[in-house]
Structures are given as structure tokens and as C-alpha cells.
Amino acid sequence: MAGTAAVAVLAIVPAAADATQRFASRPDLRPTGTRVQVAAAPSVAPGYVFTAPKAGKDDPGPMIVDNAGRLVFFKEIKGGGAYDFRAQTYKGHPVLTWWQGTVKRGYGEGEGVIYDSSYRQIASVKAGNGQKMDLHEFNLTPEGTALVIAYKIVRGDTRGVKRGRKNDLVMQNVVQEIDVASGRVLLEWDANKSVAPAESYDIPPLDPKLPYDYIHLNSVNVDSDGNLLISGRATHAVYKIDRKTGALIWKLGGKRSSFRMGPGTKTPYHHDVHRLADGTITLFDNHADAPAKATRGSRTRGVQIAVDEQAKTARLVRQWYRPTPQLSASQGNAQTLPNGNLLMGFGGSQPFVTEFARSGRVLFDLRYDGKKMDSYRAYRFEWTGTPTVPPKAVARKSGKSTAIRVSWNGATAVARWQVLGGPEADQLQPRQTRPKTGFETLLRYGTNDAVVQVQALAADGKVLGTSRTVRVGKDW
């Protein structure tokens, strides 16, 4: 079957003892390191990799890296971290978005934030109607709305399942569509009213003080007809609902599927459902909710399913596996790229981001280098960043020479750096020009200057930004 082509086994390399990235010009930034395990093939999709590493000892936050694993942009998020970091479009303009807030027991309470291409916050979104916005989804639509998920502990009857009770604590699963500009809730769908506890593959927790989350919604996307596709992890099902009324249209998979599921179409504990232009549906199939519960041979995969809504059948079209077997017990996503490749972020238990060809061949593979670092989702997008803050430079004497380290967090158009140096700020002369070599570039030349300034140059030589004038310090 397509999507299972044999490739070289990827080594499982232990995380580095100290993978934190450090920059002399930006000592305030301490993101985790990344390691490219399979170099980007010529056929990878254009763009950068977008992730939001968390959970380890390095600083959490939204991070953009290039195909060499070199940092392009990082923003530390204190007190909880960031989830679902990606590039989207708002009011016709490219933006960066993510969810930020506090996370307890896998659930979040926070907000979605929107930043422009100059890295300035321009909007934020919170759930309405007394709900609290969860970390699992923050999806902008062309109509200027946001699709979000909210969870709330309520009372419910769970007597149809093992250990169920008449007045049990349950987790209410809610989808909202919110107008970003006004904060008005345009749609609210309470999944618990359409999905019974008996449809779940999970059972209530032993501790009666903990809520039973028998659905666990984790993604919301607009279908090709304008309605909504929603992923339910604990029910192994995808739900299609009417975007105007909230009425349930059908269920794909699970115990009460509206479709006859063909071989290979069942996706236990899945995430991230999308409809493609050809009418097929993709999912990130976790295939288990914990490694200890996995059946022998279980592997996480990306899947593409053909859904015939007239005949009510579902057929496996294609699947993608990492060649070294991986089981990602939580989180993750599968992004179909503009050229037909598939990028998979392996979620909360595996530190990998992998891009596949349609054939299943691995075209690119990256891992987070810090211990226990992971990212809820990962994406690839084309992006142009133009920071309003200037580049940052630090300079030191280096024997009879001057050495400068310079960076510009988030700037994507810099081709070269030019140093101006001299005895005073009003006596600066061009000293050296050299290509940008990564997030931070080292420049060194044979004049012992007292002050320096660094200019960021575009490929055509245009000055994009200039650092403040800095005094040259003592030897490094």
C-alpha cells in the first residue's frame, strides 16, 4: 500500500546532557537545541518548522527553525508555555498564533494570542459563556473568527459504563466559534449532549473526585462545505456538525459510526482531523493512549481516509510511519503541505518532527535535543518576519582585533551583516561584511575599535536594521 515504502532506520539518539542554546547577543533567550537527523531533501516543502517545545528544563515557548535546525525566532512564555504555535491569516494578513496559559492534568486554562509579522500582539481570544479556553485548538477562519475548545467539570449520568454513577463528575467538552474582534460567541456545541458515555473507550477514574472525560475533543477544522470536523480522542471518532445550528451530521469511527469502516481505518486515540481538497480526510493516529496499554506492534501513524458520504463507507488510502517504530501516546498532528508532502509532529511523548513524501519516504527529520522536551504540534509554513526592535550586538576585544556577535530575533530577510567601527559613535567606518551564518553571527576584524554598530543587509544590499552603538568590552 502507498505510504509504507522502506527507508533507512532512524537512530534513536539520546538527548544531550545540556542542549540549551545560548547566545552572547541574546542571553535572555534559552531555547532547547534541535538536531536534524535526516537532512532536508530537495523535495521538502518550502518554509520553516514551527514548534513550541515544552516540558523539559529549557525555556518553553514558540520557536521557528530552518531546515538545518538553526533558530530563526523564539519567545519565552513564562508560567505555562505555549501550545499550537503556527502561522495563520487574520484580516488578510499573515500572523503568528498560539495558545498560552496554565496546564494541569493535560487541560489548559488560557487564551489564544495573535501576533503580526513584526512580532507585535494585535489580538487575543478567550472562550465565552463562562467557559475557559483549553490548549487543544486555536484555529482562525477566513471570516475573522476563531475555533476553540473549552472544558468544564459538570455533573452527569455515567451509569452506562464500568464504575459509572448517576451523579458523576464528568468533563463537559465544548466547541465555540468566536468573533475575534468582538469576542462574541457565534456557535457553541456541547459534545456531551450528542455523545453518550457508552461510546467512550475510556472508563471513569478510580478516584471519584476526578472527572470522567469520556470524549476529549482535541481539534476543530472547517470542512469543505463550511461545516465543522471535530476530533474525539477517547471515542476514537470524528464528528461533523452543522456550523450554523450545532446539529450533529455524522460520526466517523468509534462505537456508533455512521460509516462502515474498512481495513486500517480505525484510529484509536487520534488527533488533528482535516479534510483535503480531494475530499479525503487525514488524521494523526496515536494508536494508544499509553505505551503500557498498546497492543503488540502498535505504531503511531498518519492516515488518509476516503469517505463516501452517500454509500456511508470509509476506505484507507494512504498511511505514513516513521521507519523506526514510534508510539506517541498523546498529542501530535499531521499537516498536509502544499506540495503533497505530510509533516508530522509526534506530540507529547516523542521529540520528533518528520516530513514524508506521499510514498512514505522520509524527506526530513528533526528532534528536540533537550531532555523530556516535546511540542503539542509541529508545522511547516513559509514566513517573512520583520521585527520592529533593532538587532542586538555585543562586542569584545580579541587580542589586537575586534569581535562582534550579532543577532536579530525573527528577522528572515537578513543575508549579510556589516560592522561599522571607530573610536567614537560619530566616527564610524565600515570594517567588515560577512554572510549571516545562523541565529547569531560572529564577525572579527583586525582593527581595535572602541565602539561598533552592526547593520543587517538584505540580499540586494539594502539596510534592513541597525543595532544601537555599543562599546567594545574586554577580551572574551
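In this predicted model, four strands make up an open sheet in the order β13-β14-β15-β16, and their pairing is antiparallel. Its edge strands are β13, residues 217-222, and β16, residues 248-253, each of which pairs on one side only. From one strand to the next the twist averages 20 degrees. Inside this sheet, strand β14 (residues 228-232) and strand β15 (residues 237-241) run antiparallel and are joined by 5 bridges. Leu-229 stands opposite Lys-240 in β15.

Strand β5 (residues 82-90) is joined to β6 by 7 bridges, and the two run antiparallel. Tyr-90 stands opposite His-93 in β6. The hairpin of β5 and β6 has 2 residues between the strands, and Lys-91 takes a positive phi there, near 55 degrees. On to β7, β6 is joined by 9 bridges, again with the strands running antiparallel. Leu-96 has Tyr-115 as its bridge partner in β7. The hairpin of β6 and β7 likewise has 2 residues between the strands, and in its turn Arg-105 has a positive phi of about 55 degrees.

Most residues other than glycine have a negative phi. Two further exceptions can be located. Asp-272 has a positive phi near 65 degrees and is placed in strand β18, residues 271-275. With a relative accessible area of 2%, Asp-272 is buried. Gln-331 also has a positive phi near 65 degrees, but Gln-331 is placed in the loop between β21 (313-320) and β22 (333-336). Its relative accessible area is 15%, under the 20% limit, so Gln-331 counts as buried too.

The aromatic side chains bring the discussion back to β6 and β7. The structure holds 15 aromatic pairs. One of them is formed by Trp-98 and Tyr-115, which are stacked, with 4.6 Å from centre to centre and 25 degrees between the planes. Trp-98 belongs to strand β6 (residues 93-104) and Tyr-115 to strand β7 (residues 107-115), so this pair ties together parts that are 17 residues apart in sequence. Trp-98 and Tyr-115 are both buried. In Tyr-107 and Tyr-151 the ring centres are 5.0 Å apart and the planes are at 80 degrees, so this pair is edge-to-face. Tyr-107 is in strand β7 and Tyr-151 in strand β10 (residues 145-156), and the pair links distant parts of the chain, 44 residues apart.

The charged end of Lys-255 sits over the ring of Tyr-201, at 4.9 Å from its centre. Over the ring of Phe-352 sits the charged end of Arg-322, at 3.9 Å from the ring centre.

The largest pocket has a volume of about 990 Å³. It is lined by 33 residues, and the closest to its centre are Lys-104, Arg-105, Gly-106, Tyr-107 and Met-171. Among these are Arg-105, the residue with positive phi in the turn of the β6 and β7 hairpin, and Tyr-107, the partner of Tyr-151 in the edge-to-face pair. Two or more lining residues come from each of β6, β7, β9 (133-140) and β10.

There are 2 cavities of 30 Å³ or more. The largest cavity has a volume of about 50 Å³. Its lining consists of Leu-71, Val-72, Ser-407, Trp-408, Ala-411, Val-414, Trp-417, Lys-436, Gly-438 and Phe-439.

How values were computed:
Residues are numbered from 1 along each chain as its sequence is written. This is a predicted model: local features need pLDDT of at least 70, side-chain atom pairs count only at pLDDT 80 or more; totals for chains, interfaces and linings use all residues. Side-chain values use heavy atoms; hydrogens and water are left out. Two strands pair if DSSP finds at least two bridges between them. Axes are lines fitted to C-alpha atoms, for helices over the stretch in contact, and angles run from 0 to 180 degrees between N-to-C directions. Rings of Phe, Tyr and Trp (its six-membered ring) pair if their centres lie within 6.5 Å; planes under 30 degrees apart count as stacked, over 60 as edge-to-face and the rest as tilted. Buried means under 20% relative accessible area, exposed over 50%, partly exposed in between (1.4 Å probe, protein chains only). A charge sits over a ring if NZ of Lys or CZ of Arg is within 6 Å of the ring centre and within 35 degrees of the ring normal. On a 1 Å grid over the protein atoms alone, a cavity is a set of points where a 1.4 Å probe fits but cannot get out, and a pocket is an open set with protein on both sides within 12 Å along at least five of seven lines; lining residues have an atom within 4 Å of a point. Grid points are joined across faces, edges and corners, and a volume is the space filled by probe spheres set on the points.
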